[in-house]
Amino acid sequence: MSTLILRTASNYLLPVLLVFSIFILLRGHYLPGGGFVGGLIAAIAFVLHAFANGLDNTKGLLRFHPGFLMPVGLALAFFSGMAPVLVDQSFMTGLWFPQPFPVIGNVGSALFFDIGVYLVVIGVTLTIIFTISESA
Amino acid sequence: MTLTDYLYYVILPILAFSVLLIVYRFIKGPSIADKIIALDVLITTGIGIIGVYSIIHGRSTFLDTAMILALIAFLSTVAFSYYLEKRNRKK
Amino acid sequence: MSSVIIVILVTLGTLFVLLSAIGLVRMPDTYMRISVNTKAATLGVGLILVGTAVFFNDLSTTSRALVIILFVFLTAPVSAHLIGRASYFMGVRLWKGSIMDDLRGKYQKNSYILKSEIDDTPEDNIDHSKMKDK
Amino acid sequence: MEILLAIIIGILYAAGIYMMLRRSLVKLIIGIILLGNGANLLIFLLGRITEGAPPIIPEESKVFLEAYADPVPQALILTAIVISFGLQSFAIILVKRAHKVVKTDDLDEMNATDEDS
Amino acid sequence: MLAAILLGFLFAIFLVFTGKFFRGKLAILSALIPAGLFAYFASFIPQISSGEIISKTYQWVPAFGVDLSFKLDGLSLLFSLMITGIGFLVFAYTASYLRGHKYLDRFYGYLSLFMAAMLGLVLSDNLISLFVFWELTSISSFFLIGFNNTNPASRKSALTALGITGFGGFSLLAGALLLGSISGTYSISEMLSMKEAIAGSEYYILAVVFIFVAAFTKSAQFPFHFWLPGAMKAPTPVSTYLHSATMVKAGIYLLMRFTPVFGDQEFWNTTLIIVGGITMVYSAIHALFRTDLKGVLAYSTISALGILVFLIGLGTKAAFLAAAVFIIVHALYKATLFLVTGIIDHQTGIRDVTKLGGLRKIMMPVAIAGILAAISSAGIPPSVGFLGKELTYEASMHAETFTIIIVIAIVLTKILLLWAGFVAGIKPFVGKLPEAHKDVNPPGFLMWAPAIILAVLGILFGIFPMLIESALVKPVVSSLGADASDYHLALWHGFNTVLLLSAITIAVGIFLYFFLKPSAKLESRIGKLEFISPKSITEKGTHYFSVFSAFWTNVFQNGYLRNYVTTIVLFLVVLVGYVMFGNPTVLIDYRQLSEVTAYELAVVIILIAGVFYTVFTKSRLAAVAAMGVVGLAICLIFVFYSAPDLAMTQFSIDTLTVILFVLVLYRLPKYLTLSDYKMRVRDGILSAALGTVVCLLALQVLAEPTNTELGDFYAKNAYILAHGKNVVNVILVDFRGIDTFMEISVLAIAAIGVFGLLKLRLKSTDRSQ
Amino acid sequence: MTQQLILYPLLLQLLLAILLMFFWKKINTQRIISMLGSLVHLAVSIGVFAYIWNNGTQTVQAGSWEAPFGITFIADTFAITMVLLTSIAGLAVSIFSSGSVIGDRLRFGYFPIFHFLLLGLTGAFLTGDIFNLYVWFEIIIISSFVLITIGGEKAQLEGAVKYFTLNFLASMIFLTAIAVLYGLTGSLNMADLANKVAAVENRALVEITAILFLIGFGIKSAVFPLYFWLPASYHTPPSAVSAIFGGLLTKVGVYALIRVFTLIFVGDAFLDQILLVLAIFTLFSGALGALVQNNIRKVFSYLIICHIGYMIIGLGMFTEVAIAGAIFYLVHDILVKTNLFMISGLIYRIKGSNSMRALGGFYANYPKLSLLMFIPLFSLVGIPPLSGFWPKISLITASFETGSYWSLAAIIFASFITLVVIAKLWAEVFWKDAQEIPVKPKFRYYHKIKNIKRIQIVVPIVFLSMVTLYVGFGAEHIQTLATRISSELMNNQQYIDAVLNTQISE
Amino acid sequence: MKSRFVSNLLLTFVWVALTGDFGFQNYVFGFVVNFFILWVITRGNSDARYFTIIPKLIAFFFFFLWELFKANLQVAYEVITPNFRMKPGIVKVPLSVKSNLGITFLANMISLTPGTLSLDVSNDKKVLYVHSMYITDREEFIKGIKNGFEKRILEILR
Ligand code: NA
Ligand code: NA
């Protein structure tokens, strides 16, 4: 859509939404949120940007095909699930750093798993929507 | 009457009534734009309801949902407008 | 004390929301319905959320309430603009009591390029007065 | 409220199937979405509903101090919603492609693969 | 013994890989296999005639109680010798008959496969392994009948034969398993010792019926007989080997094998007499109306098989004796006649008996074989056929009931068979040689020698019956559970009624031969009755059955998605409704349910309004927007009932769905009102019924006690063990993390699918690749 | 590491799927990874199978959360047999795909999705958690949606719309059933459910739940009157896809039915009766359908339906013998149906058609291939001693023992029609003279493609035919296996004990 | 480079506000998070100055809130009284602000105040089309906007 107002607004909303998405991702273990919703919000930020600025501009921002995030995210989830197997524990057993980290709180394999979810969701949503837009 | 009772028996019913009015407009239309704006207002009202509800139950957690509503509702309006523009252009 | 503030804020907010709902039902054309709602509901919800912030009276809730208000105020006018312009080129008429329409003949059909002056290709532009009633 | 929810669920199931029984591809998708919502709400309801007590442990505590809603149905529904979303997005695109390639929106005209024997 | 049976299989497999060497001159070497086997089985004659039974068991599938146990007694020895002996001649004959044929190696492959299967069948003592071999004979027969597979008629006959014998096969399987269930064993020998138990079982009749169907189909008994004339499409060696000498006798073998188990029961005897009787008369009459030599032979074969069934049904010692002899008789003369017919066909290209004559001038040895076989077939002394006929008459006259009818039937049959034998064995060689056949080449030695050998044996055994008496006939009778040690085969038993009947038979038969010539006219006359024949009834039945199949298939698989959905939903509603309303104990408990508040009511109302609007609006965009209302309402319900995570997710996903819809929608056409009012009402009722069922189900479940063990465990351990406070999220990433992992995998797969659907455009040349 | 053993087949497929996504456009690399990976998977499955065979049922608690709180994975003989069969069929189809699926499809994620499908199957077999089973089913169906539409040809899309809708409906019914089950018992662990469902007093509700599962799984396993999606779609995708679908997709539905009805909903006469009736009609309808088809892939599709009836009838009769028959049939059917669809692909490669009317002359022109194809075709018929014959012994015996004569009639009827159908197919495709089919320009006919591709197409057919021959001639082994599975299933307490009495190791 | 740093700092504040944790560690963490985001969207800030405006915006916000409240009462009166006394129409308002941000800001402010709705900006950015419910006089109306919101916005932006 060629509207200046939307274009301007979306350019400001993009970083805000991305910050918000990471916020939602990291707090998910304590409060509502998590990788899934976080990923959706990040994706929505880019989609909004694409609506306003055209798909090519948004793709230019990303510099790689969003689909690439899917295997990356899945691999991250896979290795966070496999890590315990390497120390002779059951698949997807939570491994935790003994001390909580500042801000994020406890860091463990579950967090990496959630980040994997986050990446996959971004990759999936953007792949779907970008592909449709391109072929529309 | 406590604050909770006031919110529960006065405020929420008013908001509920507003919701019904908005849905009336949604159904009546007549233009698709009316429906879209009604949906938009409905979601905004929903944020208000969640705000009041979180006071009643003393759980600020519900505001997180309201936050998502506020952010994302915008996108569907954008999408609808995008559709209307594309559809008209196609003709 | 805070309880009184909350009641005032929430009541006012709720009334504004109700107002916007009534406005949505009563206003005679789409543009005015958009116009009324963009503010009344926004303001109403804003007030309610301030009330919420006051109620919880902690930083995390307050900041969240503020973020919501910010989002709502940031997006509502943009939404209104998008729906309003879409209505115009979809052919939604102004109310019969309207007194002027400076947009007439300014939107180019199909491309929706909006001009600041009427140019010499009127047939390419959107003009509601030339549209047939449904 | 449970009764109303049960009725809503019934309506969602009925509406979903009704839409799936229409001949339009778009209605088919809408039906699928409605049915999916019905199923999710059913899990929610049958997991028993609790008002205003999200299963989130209070900040200062390590365990719940008061009543909380059963988190299990919520987790199940979250998974189910996301899966449904995947299926629905695929279905929407499938319908788009099918419409383009088969050149009809009428499901009744999509019966070549059953007939050609 | 296993090796003897496997030899044929191994040779068949061997041929698959080395076949090209056996297409030419080396083909004759194949005959060494049946020859060797014949010698092997012949070496058992002394033991068997002295009353010994040789058995050997190899383990195969003990889990099923199936083993490869073989038993060589009189009955199986006779059949083994026939299989290998005639097999040897047919193998040799084939080398000449199909000389230079492109697929000669395959033919030998099938033949040896068949031979092996047939040997296995007659030697098996385990009923299941008998069935295994039984089916293998059907399959190898399928390939042999369809050998000229580019000919549609050939294919059709092969299919018919397989269809009917296959059907019989399943019957045999059922019978075998039923017998196994009754007796607790599949060993036929052990079943023999349980004769009383089996006969007394409530399943006796059923088991017998299963065995009958198997035997009757295989041995072409009325009304299953018609596959056999059809099977004459096969090359003549096949007709000779399978369809006169061996395979068709598998049914006879089965009946004989089970005579000691099932025999002496009224149901058994009566059925066999009736079926055999009808078959022998019916098909003997039919033989009269054929002009094709192979047709004549086919019907006379069926008739002969009928006689055998009939004799088994009589169930007396005399009958068994007659049957044993007649099997040998028939194998010898019928095989000869087939070989002869094959030679005629091969040399002249004609099988129409009305067009043949005087061939003795060209192929004297063949003529001799034909005439000798005809004599044996007619039961004219001193052929072995005379022996057979005498014994048959003897047995018939001692039938317990309806003796007169039985005797008349058998005499009539014999007269007609005499005619048939003469037509096939004599008529082509006598009279004038047609001009067209003046230049016909005489057949090679390999062709006529087997015919001569068989024909001569037919006479030889008649003159010297002691050659077969103790070696073959008596052991067979004792295998059937009768003792015939006091009986002696002889051409001359003095003047008696039997001799009189014999004389009448021969006289009338020869008279008939001179007065009734086969003609196309006669053939077309019987053709008019064809519509009531079992064959055409079956064909018609098959036709209607396929019409019905198409109907049934199309009723369900009619191409309309909505009908499929209707069926499934209807099925669900009916089944669940049946249980729900059929159980009065199911009650709804309203007391436990919570009250409704104003805002909840409002949300419910907008939800319902949204749903109805979605369903009934005529605008697609409005429907999508209305789904937004529904989504919001559900989101609020999730908020009210303590599920903020759910509310967030639900709302985000709804929004994304809207975006997807919107991006796709304007490419799609507008709604059309496609279904009529009636259909909408019908669908409405069905949907409402489903909705009601689900709603009631939900309420009933709510009335049941709850168990929150799972949630409590999660709540207790979420922070302490899993270091999280949002229990829902902890479940998602930890307690049930695999669900989540797979859920994102679903998303990734969907995205790949969408990507492919939209981006992949096959080049037109790549379509359908 | 050994205690995680039973997860290895699953994790390996997951790893393969993810790894393949990284090699998105490098199709040759994908081919090699897929084939080698499948080979390793087979080796691993054999290893795990041997372990289970020797050491009995094994369980793993994912995330180390004790049952019934975490997700349980359990490999009893049944599950691990299914995993093994999946890996056999998977290896065959992986090789076949390398040779027969065109590059364009491979460039759009064919192999990753293929391995996701195998992952879903493996997961569904191994899981001991009802909701987790739902999730695996979803992996399976979304993968199958993608595979059935990949390439987006007209017929594919038409079939896919129906395939999607009805499978989605099945998923929703499954989900509804889970909702009710959770509402009744508050549990998701199948072993735990077995105990809790038995304790529910309101038997009518239990029966309704069972019916919901029956219908949900029944749609997936293509039982009458729920099978419509199958004949509408199975012949439309590339034959490699049909092969894995035909072999395994409906079978996972059957697996779930058997699992649920031997573990959770046991001993309900009404349900057994319904199962029997459905099975009889399934046998009947599938047979009639196969009889009237002309496209060989459609013939096979209807035969899939028909033969599902054998397995359901075994479950419905519910005796140890009957279930052993069902299991044996399952083993046989997976191998043969996979092979048959690959064969239809080979036929298509050779002649460019799958229509019986248009085909012909195979026996004259391709005698060795014909002979090869003979093995699965007539194994399917159950010509003894080929594989399809043996389970009928158990099934027929069971129908005598339970006095279920309708079952007997249906079994024989279906066997007979299968015989007729395959014989007819043989006569048409193999015996009949070669027909004139217009040559498709640029079609990659079998005689035109590279040798390596031809090998990739034929080798899996030979491989599966050999396995099928083993099943037939080594029936003793398979029957021993089937009997062991059957007795494990009939004694569900051992399953329950294996799950609920597991010691959690730290 | 500098503007990037400023943006980063401002977003860090947004982060801190969102999390409600004003500890030093959270600032550091927020800075890292936002650094990452800005890295992802390198191209996203063609208007490099925009973040410097935020404080002024917040001041403006409170002024605006009052305007909003006042004008809302007017609409409220209109909505709840039976008769309409409106004189609506679309007016073309020439623009003095030139920057995208300024135009957007102005248009949004106009929309948020009662009775007026910014419909669209011409592609040459010269005029803003505004729908208003109460147009007594076209020139008066244009003047009101130009002297009110536009003037303040121009001040803020300079
Ligand atoms: Na979450
Ligand atoms: Na908004």
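Which residues meet in a salt bridge with 2.6 Å from N to O? They are F:Lys196 and E:Glu709, whose side chains pair up across two chains. Keep in mind that what you're looking at is a predicted model.

**Where chains E and F meet**

There are 13 pairs of chains that touch, and the pair with the most contacts is E and F. On one side of this contact sit 125 residues of chain F, and on the other sit 103 residues of chain E. In chain F, the residues that lose the most area to chain E are F:Trp65, F:Phe69 and F:Trp431; together they make up 9% of what that side buries.

How much area do chain F and chain E bury between them? The figure is about 10,100 Å², and 76% of it is on carbon and sulfur atoms. If you're wondering where a number like that comes from, the size of an interface is often given as the accessible area lost when the parts come together.

Now for the polar side of things. Between chain F and chain E, 13 residue pairs are in polar contact. The rule also finds 2 salt bridges across this interface, and the pair of F:Lys196 with E:Glu709 is one that joins the two chains. Helix α18 of chain F, residues 405-431, gives the most to the side that touches chain E, namely 13 residues. Sort that side of chain F by class and you get 85 nonpolar, 20 polar and 20 charged residues.

Some other pairs of chains stay apart. Chain C and chain E don't touch, and their nearest C-alpha atoms are 13 Å apart. Chain B and chain F have no contact either, with 25 Å between their closest C-alpha atoms.

**Annotated stretches**

Next, a look at what the records say. For chain D, an unreviewed UniProt entry lists residues 6-21, 28-49 and 75-95 under "transmembrane region". For chain F, an unreviewed UniProt entry gives "domain: NADH:quinone oxidoreductase/Mrp antiporter transmembrane" for residues 129-418. Here is how some of these stretches look in the model:

| Stretch | Helix | Strand | End C-alpha atoms apart |
|---|---|---|---|
| Chain D, residues 6-21 | 94% helix | 0% strand | 23 Å |
| Chain D, residues 28-49 | 86% helix | 0% strand | 31 Å |
| Chain F, residues 129-418 | 80% helix | 0% strand | 37 Å |

Most residues other than glycine have a negative phi, and most peptide bonds are trans.

The peptide bond between F:Ala67 and F:Pro68 is cis, with omega about 5 degrees. F:Pro68 sits in a loop of chain F, between β1 (58-61) and β2 (72-75). Another cis bond runs from F:Phe224 to F:Pro225, where omega is near -5 degrees. You'll find F:Pro225 in the loop between α9 (203-220) and α10 (229-233) of chain F.

Is the phi of A:Arg63 positive or negative? It is positive, about 70 degrees, although A:Arg63 is not a glycine. This residue belongs to the loop of chain A between α3 (55-62) and α4 (69-86).

Definitions and conventions: Residues numbered from 1 in each chain as written. Chains lettered and ligands numbered in written order. Heavy atoms only, no water. Contact = heavy atoms within 4.5 Å. Buried area = accessible area lost by both parts, 1.4 Å probe. Salt bridge = Lys/Arg side-chain N within 4 Å of Asp/Glu carboxyl O. Polar contact = N/O pair within 3.5 Å; in protein donor to acceptor, adjacent residues only side chain to side chain. Helix = DSSP H or I, 4+ residues; strand = E, 2+ residues; numbered from the N terminus. Nonpolar A, V, L, I, M, F, W, Y, C, P; charged D, E, K, R; others polar. UniProt positions renumbered as here; feature names shortened; annotations may be inferred.
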